Amino acid sequence: MVVLIVLAVLGYLWGLGPLSRLNAERAITPPAKVAGLDRITDPEIRSQAQLDQTRDALSRINDGKKVMVEAYGSLEGDRFYVLIALRGRVDIDKVVADSGATADKIKKIGHSTCIEAAGNLPTQCYRGSNTLTVIAQSANEGVAVDQVEPIAEEAFKAMR
């Protein structure tokens, strides 16, 4: 009996087995700050960035799993990032391949897979596990993947 309880708890925490669905329904609490940048709470800016609409659309696409879409930035607008977090596992390699990014634009940094900006595709980094996937993307031009990856890693650790 103890072994079954331990397996159930580990399944829930690691997103494996029948309890993974419970994990996928857990709320995602956005951090107040990421990389020293405040979360954007102004309703007008949130509306312009379509954060809530994007969250609702992603939730529908992902079978109702919890999704969070938030923006973090400076008042000057020189550093502005959008974070997307989804409960559950996302096949990051497939998403990156489907993005149309060429092999020279795809970089592995630490635990993240990043895509350098190209055309309409912003610089973005993906960090995932069986229970959470975080996508960090820069809204500014000329931002390198080594500037976005720490955002994805920090957000991932804060929301696990």
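**Close-up views of a predicted model**

**View 1. Alanine 35 sits in a loop between two strands.** Alanine 35 counts as partly exposed because its relative accessible area is 28% (buried is under 20%, exposed over 50%, partly exposed in between, with a 1.4 Å probe and protein chains only). Its loop joins strand 1 (33–34) and strand 2 (37–39); strands (E, at least two residues) and helices (H or I, at least four) are DSSP runs numbered from the N terminus. Alanine 35 has a positive phi of about 55°, although it is not a glycine. This is a predicted model, where local features need pLDDT of at least 70, side-chain atom pairs count only at pLDDT 80 or more, and totals for chains, interfaces and linings use all residues. Residues are numbered from 1 along each chain as its sequence is written, and side-chain values use heavy atoms, leaving out hydrogens and water.

**View 2. Glutamine 50 lies in the loop between helix 3 (43–48) and helix 4.** Here, too, is a residue that is not a glycine but has a positive phi of about 55°. With a relative accessible area of 46%, glutamine 50 is partly exposed.

**View 3. Threonine 113 belongs to strand 6 (residues 112–115).** Threonine 113 counts as buried because its relative accessibility is 5%. Its side chain makes a polar contact with the side chain of lysine 108 (3.0 Å); such a contact is a pair of N or O atoms within 3.5 Å, and within protein one must be able to donate a hydrogen and the other to accept it, while residues adjacent in sequence count only if both atoms are side-chain atoms.
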